[in-house]
Each structure stands twice: as structure tokens, then as C-alpha cells.
Amino acid sequence: DILRVLVAEKEWEGVGGLFITDEHRVTIAAVAALMLLGGADHDYYDRVDSIVVYPGVFRTPNPEDGWEDDELSDNIIEGQAVYRGPVILSWQEVLRESRQPEAGYNVVIHEFAHQLDFLDNTINGTPPIDDPELAAKWGPVMTAAFQRHKKELAKGEAFFTEHAADDETEFFADASEAFFCQPHGLEEEYSDVFMLLKGYYRLDPRRWFGDNESRKSSR
């Protein structure tokens, strides 16, 4: 039912020569719908009016670079979430990652996690949380985990991606990928983060995977 709403109510746009079909709509909407299955207050990503799909990776200007007209200054990315705007995705990455969820990466989950973060009009890695106890734990737990990740990254033994060390917004999106793609690994390495996300998303993806699933060995 969530998938049907997302397919029907979002504007779907193919760019770079991509013609949008039901395969694109259903695949992307199905992954995005996983994040809403627990019944958290989401309003079907109401602020996301459109989903833009490129055939492969795409370029976006680097705001810190003064040479925006130079392709060499662009960032090559697989997905982007625009505040009060669209979600932009690489179909090549969506398809590959959706076929191998146990690999631990999913650009759809990552970018729609950003859209959940945006709901309180503050981009800080903390989505709106209606449970006071969960809200009180969120900041201390996620900040400590973020700092731990940066230290582990410097040692070359990080569980999360390098991108997750950019800021707490990216950390939340990366942690959401781990929660839905390799929940056993997240529970093993960052049990406090797993429990927070279990409370926020109101579901437990561990039952979707076998017991021997291990995120750390695949990242």
C-alpha cells in the first residue's frame, strides 16, 4: 500500500536519456517504502514532490569550488536529497544495490533517510522523534557513535563508510543503510545505534536476513 501511494503521488522524471518505466517506479518506491513499514509519522515523504532518475552516476557542482563551470570541479555522485525538493538517484546503483541488499549499501535508503532528517527543518542527523525517551537518548548516543567512527576511520578499521564521517547528517543516513541492509552487523558493532534506529523506524530488519549476515566483512 505504501508503494502504491509513492508510485501514484510522486512525479517521476527520467533524465540523461532515461525513459521512466514501471520497473524504475516500483523498485525505487519499494525500497523507500521499507523505511515506513513500522508506521512512524512520515506522511509518505510529503515534501518530496519528485524523484529524478539518471541512468548512471551524475555530476553536481561543488559549492566550495569557485569554478562551477569546470567539469573538473564537479562531484560525481550516485544520489542526492534536496531539502524541500526531489530525491535524485542513479538507476545503475539503485538496481545493483537492490539486487544485493546484504552488501550493506543502498542509495535509496540513504537519500530518503536524509528526507526524514529534513522533516524538522533542521539538517543535523536527528529526525523528528515523538517518543520522549528515545529523543533524550538520540543526541548522546549518535554523537558518541559518530566520534567513535571518525577515530576508527583514521585507524583504517571503520564499520561505516568514509562519507559517514562528514557530519552527523551523513552518519544518520549511513547508519540507516546499515540498519536495513545488514542489521546483524550493526547490532554487533554499534548495538546502541541499532536500538535507537529500531525504536525510530519501529521495526526489526534482523528477521529479513540469515543469522550469519555480517556487514563488516563486506564493507
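Mentor: Start with confidence, since this is a predicted model. Helix α8 has the highest confidence in the protein chain, with a mean pLDDT of 97. Helix α9, residues 215-218, has the lowest, at a mean of 43. The pLDDT stays below 50 over residues 214-219. That stretch still has 23 contacts in the model beyond near neighbours in sequence. Where pLDDT is low, the predicted coordinates should not be read in detail. The chain as a whole averages 88, and 88% of the residues score at least 70.

Now look closely at α8, residues 191-201. Its axis comes within 10 Å of the axis of α5, residues 132-154. The two cross at roughly 145°, and the crossing is left-handed. From α5, the contact uses Leu-134, Lys-137, Trp-138, Val-141, Met-142 and Ala-145. From α8 come Asp-192, Val-193, Leu-196, Leu-197, Gly-199 and Tyr-200. Sort these contact residues by type: nine are nonpolar, one is polar and two are charged.

Next, the core. The largest nonpolar core holds 54 residues. Leu-186 and Tyr-201 touch the most other members. Helix α6, residues 168-181, gives the most to this core, with eight residues. Leaving aside residues up to four places away in sequence, Tyr-201 touches Met-35, Gly-38, Ala-113, Leu-116, Phe-172, Ser-176, Phe-179 and Phe-180. Another core, of five residues, lies apart from the largest one. Its members include Val-15, Val-52, Ile-77 and Ile-88.

Definitions and conventions. Residues are numbered from 1 along each chain as its sequence is written. This is a predicted model: local features need pLDDT of at least 70, side-chain atom pairs count only at pLDDT 80 or more; totals for chains, interfaces and linings use all residues. Side-chain values use heavy atoms; hydrogens and water are left out. Axes are lines fitted to C-alpha atoms, for helices over the stretch in contact, and angles run from 0 to 180 degrees between N-to-C directions. Helices (H or I, at least four residues) and strands (E, at least two) are DSSP runs, numbered from the N terminus. A crossing is left-handed if the near helix is turned anticlockwise from the far one by less than a right angle, and right-handed if clockwise. Contact means heavy atoms within 4.5 Å. Ala, Val, Leu, Ile, Met, Phe, Trp, Tyr, Cys and Pro count as nonpolar, Asp, Glu, Lys and Arg as charged, and the others, Gly among them, as polar. pLDDT is the predictor's confidence in each residue, from 0 to 100. A nonpolar core is a set of buried Ala, Val, Leu, Ile, Met, Phe, Trp, Tyr and Cys residues joined through side-chain atoms within 4.5 Å. Buried means under 20% relative accessible area, exposed over 50%, partly exposed in between (1.4 Å probe, protein chains only).
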